[in-house]
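Work through the exercises below with the sequence and the 3D view side by side. Try each task before you read its solution.

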Amino acid sequence: MKGKGCAVCLPADIDTDVIIAGRYLRTKDRSVWAKHVFEDLDPNLAPALRGAVIVAGKNFGCGSSREQATIALKEAGVMAVIAPSFARIFFRNAINIGLPLIECDLPCQPGTPVAFDLAEGWVNASEKRIAFRHLSPRMQEILAAGGLVEYWRNRQ
Amino acid sequence: MSTLSERILGSPAGTYVDRKVDRAYAHDGTGVLTLEAWKSMDAGRLSDSTRISLLFDHIVPANNSTTATLQHELREFAKNSFLHFSDIGGGICHQLMSEGVVLPGEVVVGADSHSCTPGAFGAFATGVGATDMAAIWLTGETWFRVPESINIHLSGSFTGAAEPKDLALTYVSRLGMDGATYCALEFTGEGTAALSMDDRLTLCNLAVETGAKAGMFYADDVTVDYLKALGQAVRPQVAEPCNYVQDITFDLADIVPVVAVPPRVDTVKPVASLAELPLDQVFVGTCTNGRYADLVRFSRIVRKKKVAVRTIVVPASRMVLEKAIRTGVLADIVEAGCTLGSPGCGPCLGAHMGVLGEGEVCLSTANRNFKNRMGVGGEIYLSSVATAAASALAGEITEPEVP
């Protein structure tokens, strides 16, 4: 899977409460999560995420297991999240709903283009190419299927 | 020679395995998306309904008609599917799993981040999101990367007013919010023998706040006796020499009462350094500190006194509530001026029943103090039950007296 987008820079230890607050969870309407994503961090951030690649500090997605956090990012138009490390439940959730994650320590320049190739394992930013650790074979299969729902639907 | 995770998952650290799940549980929050994902998998079948639990605890009773409608759909599904179901007032999912359901050596997966809690029984217990849970409903299995393990070696015993929660916050502070990411924590050493199951559950509960996949104790005589009283016959597990990626040692005698300062669980300071910080609310409960032993500790401090600030107490389960009624513990708590909530998560996640207002400060026995978690503009300090009790009486953060 390949993709590209403009960098949106975020700090380390972004928790899932800050990605989507508990007060917005009780609905099945995914547009609600996209609308309120990062509201408690920066209310102006949500519209800037369409076509963006989030470049964050370590431990992105820590805290609650709420899958709405990953769905909120995807629905808001985020192409991928790049961080030196992810909290493990968030990691699984993102792959399971088809949101690419890249474990890579990338210096972030706001607004600059970032390109990535998951199969080949590189990120391109500011004319530099950085290699990153591949996802496990199972995670690559799930992502290639479009998510875990599609992965299992194909096997029924 | 294996760590407990390697032994239970049957493979060395760093490898990937598919494992049958002995117990899978979700709650009213994650259950909604789980059901939706499971239906989308075109499944129409559950792998084994006897191994699946659906336990309402997050917003119980429902706070509005939107929540009620979502819960209604989930409740109807649970009843028609003959899976293990607990309705409102039954209690917190992790506590219900700890009342004779989870057994040593089992693989347990919960759709909630604090599903590391029942690792206290010597099970491999970990959290996932809704779609992973849906796949477990469908197949009865999931994949794991077998974690490396960090040894938290305990010696000595608690002195003064320190409690297991103070140790929990202290180890989170030592490791940091991501110090154990992708790893499991194993609590070992002679200091573990004197810890009750309630103590161990508190310690395992905070494991995820270091990024850990699991927090585990080896089953011993304490585990065997606790489960025996709940009708389960189990054997102890014997630790064997194994490779840990990190060893951390705590002498329990060195632990002092501490508070985690918002908005991070790993920003931990001695209670004494925050003394006299005014409070608007005290909250005692949750999967961290809402068990019977916690209510007893709290009641002993507030008994025949009056709280000076609004104080919400929420028992972790119906079994805890009933025991607290029978023994008079609950009467002491109510007579001290506290407000009771029905068993469940209470205001921990900021959805209902004790949400904070702008600028308000809460001292809570829960496990998270993230920005706005309990209400926009509210701040959460985390502490032990004894610190919460002493502070409730004073209306400000107060160091508990030595019992």
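The exercises go from one chain to the contact between chains, and then to single elements and bonds.

This is a predicted model, in which local features need pLDDT of at least 70, side-chain atom pairs count only at pLDDT 80 or more, and totals for chains, interfaces and linings use all residues. Residues are numbered from 1 along each chain as its sequence is written, while chains are lettered from A and ligands numbered from 1 in the order in which they are written.

**Exercise 1. Describe the build of chain A.**

Step 1: list the elements. Helices (H or I, at least four residues) and strands (E, at least two) are DSSP runs, numbered from the N terminus. Chain A has six helices and seven strands. Their order along the sequence is β-α-α-β-α-β-α-β-β-β-β-α-α.

Step 2: check the size. The C-alpha atoms of chain A fill a box of roughly 40 × 40 × 25 Å along the principal axes. The radius of gyration is taken over C-alpha atoms, and the globule rule is 2.2 Å times the number of residues to the power 0.38. For 156 residues a compact globule would come near 15 Å, and chain A agrees with its 15 Å.

Step 3: look at burial. A residue is buried if 20 or more other C-beta atoms lie within 10 Å of its own, exposed if 12 or fewer, and partly exposed in between, with C-beta atoms placed from the backbone. In chain A, 54% of the 156 residues count as buried.

**Exercise 2. Examine α5(B).**

Step 1: check its cover. In α5 (residues 130-139) of chain B, nine of the ten residues are buried. Among them are Trp137(B) and Leu138(B).

Step 2: look past the end. Gly140(B) follows α5(B), with a positive phi near 80°.

**Exercise 3. Find the cis peptide bonds described here for chain B.**

Step 1: go to Val60(B) and Pro61(B). A cis peptide bond joins them, with omega about -15°. Pro61(B) sits in the loop between β3 (52-55) and α3 (65-81) of chain B.

Step 2: go to Pro262(B) and Pro263(B). Their cis peptide bond has omega about 5°. Pro263(B) is in the loop between β12 (258-260) and β13 (268-270) of chain B.
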